[in-house]
Amino acid sequence: MHADLSPVIAATAQWLTCAYPPGGGALDAALCEAQARQAVTVAAWLRYPTPMDAALVGVAGPGGSDRLDWITGAQGAAADDADGYAWRTWVDEVVASWAACLLTDPVLAGQAVSALADSSHLSSARAEFRRLVAPDDRDRRAAALLRHPDLLAPIAELHHADLLDRLQPGQALSA
């Protein structure tokens, strides 16, 4: 994981798993989190493709989860708890939307992972995205809400067109 994007990836994955929780016990929670983290990592690497982009989001901040919380009906959920709210400031709406798109469309997820083949993020790290692009039955059951197209549609639709533009052949990966 690219160090500069760690807070964005962690917070956005946490937001997704809080908004669309796993159905079972500890194993389901771990599988759901792994899928969310893989989708968010791919989305973040597409959104912030260069070290400069990652550094800029680290300085400016990603924007927070307020709009996402409003859309999902979770607004004010952590308002009384400063620690519960602090991590939400690192949620990136576009990254969450793109991750939602990837979680609900395996073909698009495969295209997104392929688009990262020459990414600077992959040059320094070995990444594996099997749970995102080829989830097995256990993965699907563990993340039934997280992968449900109808439930994620309001989030996925926010920036779906921008993701499709980013994945166009010949599109340079730069913000």
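Predicted model: local features only at pLDDT ≥ 70, side-chain atom pairs only at ≥ 80, totals over all residues.
Helices, in the sense used here, are DSSP runs of at least four residues, numbered from the N terminus, and Ala26 is found in one of them, helix H2, which covers residues 26–47.

**Helices H1 and H2**

- The axes of H1 and H2 come within 9 Å and cross at roughly 130°, and that angle makes H1 oblique to H2.
- The crossing of these two helices, H1 and H2, is right-handed.
- On the H1 side the residues that meet H2 are Val8, Ile9, Ala10, Thr12, Ala13, Leu16 and Thr17, while on the H2 side they are Cys32, Glu33, Ala36, Arg37, Val40, Thr41, Ala44 and Trp45.
- Sorted by class, the contact of H1 with H2 is made up of 10 nonpolar, three polar and two charged residues.

**Thr12, a residue of H1**

- Thr12 lies in helix H1, and with a relative accessible area of 0% it is buried, because buried residues are those under 20%.
- Thr12 touches Val40, Trp90, Val91, Asp92, Val95 and Ala96, when residues up to four places away in sequence are not counted.
- A polar atom of the side chain of Thr12 lies 3.1 Å from the backbone nitrogen of Asp92.

- Although 116 residues separate Ala26 and Ala142 in sequence, their C-alpha atoms are 9.9 Å apart in space.

**Helices H6 and H7**

- Helix H6, residues 93–104, and helix H7, residues 106–115, have axes that come within 5 Å and cross at roughly 120°, so H6 and H7 are oblique to each other.
- Cys101, Leu102 and Thr104 are the residues of H6 that meet H7, where their partners are Pro106, Leu108, Ala109 and Ala112.
- The residues of this contact of H6 with H7 comprise six nonpolar, one polar and no charged.

**Helix H11 and what covers it**

- Within helix H11, which spans residues 149–156, the residues Leu152, Ala153, Ile155 and Ala156 are buried.
- The cover over the buried residues of H11 includes helix H1 (6–19), helix H4 (66–72), H6 and helix H12 (160–166).

Key:
Residues numbered from 1 in each chain as written. Heavy atoms only, no water. Axes fitted to C-alpha atoms, helices over the stretch in contact; angles between N-to-C directions. Parallel < 35°, antiparallel > 145°, perpendicular 65-115°, else oblique. Contact = heavy atoms within 4.5 Å. Nonpolar A, V, L, I, M, F, W, Y, C, P; charged D, E, K, R; others polar. Buried < 20%, exposed > 50% of the residue type's maximum accessible area, 1.4 Å probe, protein only. Left-handed = near helix turned anticlockwise from the far one by under 90°. Polar contact = N/O pair within 3.5 Å; in protein donor to acceptor, adjacent residues only side chain to side chain.
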